[in-house]
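Trainee: I have a model open and would like to go through it with you. Could we take it piece by piece?

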Amino acid sequence: MAVALEEGRMAQAAGEVPVGVVITHRGIELARAANRTVRDQDPTAHAEVLALRAASAALARWRLEGCTLYVTLEPCAMCAGAIVLARVDRVVFGAWDPKAGMGGSVGDLLRNPRLNHRPEVLAGVRAAECGELLTRFFAERRGFVDAPVTPI
């Protein structure tokens, strides 16, 4: 999760929502990414999607069995769908997303029993630190720099 947080901080420095991802295969880092939606003007350039593409290229296959995806924020519907389609074995996320999360908050696409693949999910890893990164980003954007930070 430390690497995902580092990626999130780099996204923040570039003016992006600070979400970072790292994907490992049997403990070896394959890919890392940060949000690029603003820089690329691409609504699909979420960190998870970018990392899935890079991991697939690294393994030269689209099925990412044996992989773990670490992300600072609970995946949205698009990203959760891509994770399921890529057959990622395990998803570890930090902060919950009560507005758009599909790993148990708004819905649970990752573990939907009607789908043919359901990754193992571990939620809340370094949640306070991940949440603070996001909360501080949005507070600064809205001009509440000195406001107390409460995790999302």
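Trainee: Which residue takes a positive phi in the hairpin of β1 and β2?

Mentor: It is Arg-26, with a phi near 50°, in a hairpin that has 2 residues between the strands. Please keep in mind that this is a predicted model, where local features need pLDDT of at least 70 and side-chain atom pairs count only at pLDDT 80 or more, while totals for chains, interfaces and linings use all residues. Residues are numbered from 1 along each chain as its sequence is written, and side-chain values use heavy atoms, leaving out hydrogens and water.

Trainee: And in what sense do β1 and β2 pair?

Mentor: Strand β1 (residues 20-25) and strand β2 (residues 28-34) pair in the antiparallel sense over 6 bridges, and Val-21 has Ala-33 in β2 as its bridge partner. Strands here are DSSP runs of E with at least two residues, helices are runs of H or I with at least four, and both are numbered from the N terminus; two strands pair if DSSP finds at least two bridges between them.

Trainee: What is the strand order in the sheet?

Mentor: The open sheet has 5 strands in the order β2-β1-β3-β4-β5, with mixed pairing. Its edge strands are β2 and β5 (120-123), each of which pairs on one side only.

Trainee: How many bridges join β4 and β5?

Mentor: Strand β4 (residues 90-95) pairs with β5 in the parallel sense over 4 bridges, and the partner of Arg-90 in β5 is Glu-120.

Trainee: Changing topic, at what angle do α1 and α5 pack?

Mentor: Helix α1 (residues 2-13) and α5 pack at about 5°, with their axes 11 Å apart. The axes are lines fitted to C-alpha atoms, for helices over the stretch in contact, and angles run from 0 to 180 degrees between N-to-C directions.

Trainee: Which residues make that contact?

Mentor: Counting heavy atoms within 4.5 Å as contact, α1 contributes Leu-5, Gly-8, Arg-9 and Gln-12, and α5 contributes Glu-129, Cys-130, Leu-133, Phe-137 and Glu-140.
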